[in-house]
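Let us take a walk through this protein together. Please keep the sequence and the 3D view side by side as you read.

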Amino acid sequence: MENGNQKLVEWLSIYSEFGDIMDDFTNTAELAQGSQKLPVLVIIEQHVLARTCILNILKRELTGFEIVEMATTSGLSWFSGRDIRLIALNVGDKEITDPAIEVSLAFLAEFCPKASVALLSNRDDEVTISAAMQRGVRGFFPKSIPVEVAIAGLRLVLAGGVYRPLPIVEQSGTSSLKALSEHLDVPEVSEIHEGNGATTLVPERTMVDLTPREQHVLEALQLGLPNKLIAVRLNLSENTVKMHIQRIMRKCSARNRTEAVLRWSRQLNGHAHLRVRSS
């Protein structure tokens with residue numbers, strides 16, 4: 001009798017696990033057959049709690065998309081032929097050079113060549129971020145950033161831009177010139193030693209005549225920060241930030257802040273050489 005009860009428990013356990021697997025397949029299939037006309041945003045995260053939390057936030061903040069979640073990249077097969085705009089993949093503590101991550105990125109590039117790929121990571125070191133961007137990742141989101149910044153960064157990626165955190169600032173509170181220029185794709189600046197002993201930094205040319213404060217605001221815009229966070233970051237009022245953004249858009253001939261960032265980045269990419277100003 002005791003053996004019979006044990007076998008019954010084993011069969012019930014197997015049936016329960018089988019039912020969970022079938023539920024996963026059913027839920028994914030139902031999602032894939034949902035609103036066929038909407039572009040798709042995909043969240044790939046193996047932990048259910050984290051996955052559903054991200055899903056609920058994005059559904060509230062990013063309208064006009066069908067936002068779906070899955071545990072692994074294999075679930076993408078249900079969305080073959082759909083307009084997948086963005087895939088957010090959580091890589092956890094793994095390095096970008098980890099074979100499993102390399103395989104996942106290669107699969108995403110092959111299966112969804114038109115989709116932008118964003119990585120969620122527990123890491124925020126420069127080596128990991130640079131390695132991700134070199135592999136075509138359009139957004140890198142360490143879990144140390146505020147949710148408002150992450151949402152703004154996702155919007156930037158969806159608009160065709162690239163999001164990544166700024167390099168770590170030094171204790172003085174300023175980024176090194178080289179690190180900052182690499183992050184912003186700014187032409188590297190040379191030191192020009194003048195006859196009176198003074199040193200001048202001379203780029204070949206600038207895209208527009210931005211004031212130092214406008215440059216700071218533009219750097220914050222490239223991070224995808226909303227006006228409120230830019231104001232806090234630069235110790236300005238929100239009205240002053242709005243005024244600077246309007247001036248930046250006018251100088252860049254841009255219709256909105258995202259276009260200003262894209263125009264600025266593209267223009268700077270073409271100005272990689274420096275010249276020495278003759279005295």
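A contact means heavy atoms within 4.5 Å of each other. Leaving out residues up to four places away in sequence, N90 touches I44, E45, L120, S121 and K143. N90 is buried, with a relative accessible area of 16%. Here buried stands for under 20% relative accessible area, exposed for over 50%, and partly exposed for what lies in between, with a 1.4 Å probe and protein chains only.

Before going further, a word on what you are looking at. This is a predicted model, in which local features need pLDDT of at least 70 and side-chain atom pairs count only at pLDDT 80 or more, while totals for chains, interfaces and linings use all residues. Residues are numbered from 1 along each chain as its sequence is written, and side-chain values use heavy atoms, with hydrogens and water left out. The score itself, pLDDT, is the predictor's confidence in each residue, from 0 to 100. Its mean over the protein is 75, and 67% of the residues reach 70 or more. Over residues 168–207 the pLDDT is below 50, and this stretch has 61 contacts in the model beyond near neighbours in sequence. Residues 271–279 also stay under 50, with 16 contacts beyond four places in sequence. Where pLDDT is low, the predicted coordinates should not be read in detail.

Now for the overall picture. The protein has 10 helices and seven strands; helices (H or I, at least four residues) and strands (E, at least two) are DSSP runs, numbered from the N terminus. Of its 279 residues, 39% are buried. Among contacts between residues at least 6 apart in sequence, 63% join residues at least 24 apart.

Which residues does R51 touch, not counting those up to four places away in sequence? They are I43, E45, Q46, E69, M70 and A71. R51 itself sits in helix α2, residues 48–61, and is buried at a relative accessible area of 11%. A polar atom of its side chain lies 3.4 Å from the backbone oxygen of Q46.

The R51 side chain also meets that of E69 in a salt bridge, at 2.5 Å from N to O. A salt bridge is a side-chain nitrogen of Lys or Arg within 4 Å of a carboxyl oxygen of Asp or Glu. Because R51 lies in helix α2 and E69 in strand β2 (residues 66–70), the pair ties together parts that are 18 residues apart in sequence. E69 is partly exposed, at 22% relative accessibility.

The structure holds 10 salt bridges, so let us visit some others. R82 and E66 meet through their side chains at 2.7 Å, N to O. This pair links distant parts of the chain, with R82 in the loop between β2 and β3 (84–92) and E66 in strand β2, 16 residues apart. Both R82 and E66 are buried. Elsewhere, the side chains of E61 and R60 form a salt bridge at 3.7 Å, N to O. E61 is partly exposed at 31%, whereas R60 is exposed at 57%. R60 and E61 are linked with R155 in a network of salt bridges.

Our last stop is helix α9 and the loops on either side. In the loop between α8 (227–234) and α9 you will find N235, which has a positive phi of about 60 degrees although it is not a glycine. N235 is exposed, at 71% relative accessibility. Helix α9 then covers residues 238–251; its 14 residues reach 20 Å from first C-alpha to last, close to the 20 Å expected at 1.5 Å a residue. That expected span is 1.5 Å times one less than the number of residues.

Which residues of α9 are buried? They are V241, H244, I245, I248 and M249. Seen down the axis of α9, these residues fall within an arc of 135 degrees, so they line one face of the helix; the arc is that of the directions from the helix axis to the C-beta atoms. An α-helix has 3.6 residues a turn, so residues three or four places apart point the same way. On the other side of α9, N239 and R250 are exposed.

After α9 comes S253, with a positive phi near 55 degrees, although S253 is not a glycine. S253 belongs to the loop between α9 and α10 (257–269) and is exposed, with a relative accessible area of 54%.

Notes
Polar contact = N/O pair within 3.5 Å; in protein donor to acceptor, adjacent residues only side chain to side chain.
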